[in-house]
Amino acid sequence: MDVSVAVYFLEDTEADISRRQLRDMTNVLEMPTNEFVKKFRVSKEIFTMLLETLRNKWEPMHRRTYIRPDIKLATFLRFLVSGSYQQTVGNEVVSSTSKTSVGRILRECLTLFDEWICNKWIKPPTAEEQQQTIDAFLDKTGFPGVIGCVDGTHIRIKGPGENMKHLYYNGMGYYSINVMVSLQQICDQNMNITYVEGTHPGSSNDSSVWEASEVSQKIQQEFEQGKRNFWVLGDADYKLKPYLMTPFSKPSDTAEVLYNKKHASTHNVVKRCLKLLTNKFECLIGIRGLHYPPDRANQIIGSCCALHNMCIKYKCLDVLESSCTSPEIPISKNKADENEVKEDITAAAIRRRIAINL
C-alpha cells in the first residue's frame, strides 16, 4: 500500500473513532432548557415524544457505524434550524458525524417524518374545531364565518434538471417551490397549520396552487352541496370565490374600507405564521436555499410544518418568538389585475353583503 494512502486511511479511521467517542459522551437532554430550545427549536418534551413515536422504526445499523436515535434526531433538527451544509452540521459536538453520515441521517429522518409524524400533526380540522375557529376569529377581529386563512411563499431550491428548470424559475429570479399554507386559529396565539402544499414549481402563482389543491376542491364541493356562511380568507393573489373572500381592489365606500381593514387584520395571522415558521427553521430561507431536488425539499417543508404545529400544541411558541430574529420572509407577489379578471358574480354579492353587515 502506498504510504500516503495508508496515512490517509489511518487519519480517517482515527477521525471516525474520535467522532464515536464524542457521540457516546453526548446526552443532548442534559443541556440547560433555554439552550436546548435555542439549538433545536423544540422543547425537551417534544424531543422525547418524537423519540418515543419513532422507537423501533430506525434503520438497523452495523456496530461500527451505529449512531444512537437521539443523536440522529438532534442532527436532523440542527439541519432544519440552521440551514447549514451537511458537513457543518456534522462537525458540531452534538452530532459529531461525517458529511456522509449526516446525509444518511437526513434521508432516514425525512422518510420517518413523512410516514409517522407529518400526517399526524398536519390534518384538517374537525367540525368542532372549525366552529371554534369561526368563533375565535369573530371574537378577535369581527370578521364572521372564517374557517381559515391561506397564503403562499416561495422556498428557494437548487436548480432542477435542464428539462424542468423553466418550471421552477420564479418571477423574483431564482428557482423555488411555491408553498401554500392553510391554517386555522383556535385561540389568539394559535397558528396551527392544517394544510401545506409544496409540490408546485416556482412559476406557479398562488391562485393556481390553491385551485389545484385538495382542500380547495373539498371546500368547493361543500359549497356546491349547500353549506353556507363559511369562508377562507386569501389576499389579492387569489381569485374571489363564494367560499374564498379577498379584499376589494378599489373600495367604493366606508363599508368596503372597513371590510378591507378587518380582512387584513384577520388574514395577517397566516403571514405571521409563515414568518414564525421560517424563523424557527432557517433552512427554509437560507440564501443558498434547500440544496435538494423538489421532492426532497417538499419533505423538508412538511417536516418543518409538523414541528411548528407540535410547538404550538406544547406551548413552545413564546420562547421561539423571542429567540428568532431572521429577516422578513419573501411572500409571493403574483397579484392579478382585478380589472382584467371577471369576478364571480355570486362571490362578489357575498363579499358585498359581508361588508354591509360588518
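**Exercise 1.** Leaving aside its neighbours within four places in sequence, with which residues is S216 in contact?

*Solution.* The model is predicted: local features need pLDDT of at least 70, side-chain atom pairs count only at pLDDT 80 or more, and totals for chains, interfaces and linings use all residues. Residues are numbered from 1 along each chain as its sequence is written, and side-chain values use heavy atoms, without hydrogens and water.

Step 1. Apply the contact criterion, heavy atoms within 4.5 Å. With neighbours within four places in sequence left aside, S216 contacts W210 and E211.

**Exercise 2.** Describe the aromatic pair of F248 and Y259.

*Solution.* Step 1. Rings of Phe, Tyr and Trp (its six-membered ring) pair if their centres lie within 6.5 Å; planes under 30 degrees apart are stacked, over 60 edge-to-face, and the rest tilted. The whole structure contains ten aromatic pairs.

Step 1. The centres of F248 and Y259 are 4.9 Å apart with 75° between the planes, and the pair is edge-to-face.

Step 2. F248 lies in the loop between β5 (244-245) and α11 (254-280), and Y259 in helix α11, so the pair ties together parts eleven residues apart in sequence.

Step 3. Buried means under 20% relative accessible area, exposed over 50%, and partly exposed in between (1.4 Å probe, protein chains only). F248, at 11% relative accessibility, is buried; Y259, at 0%, is buried.

Note on methods:
Helix = DSSP H or I, 4+ residues; strand = E, 2+ residues; numbered from the N terminus.
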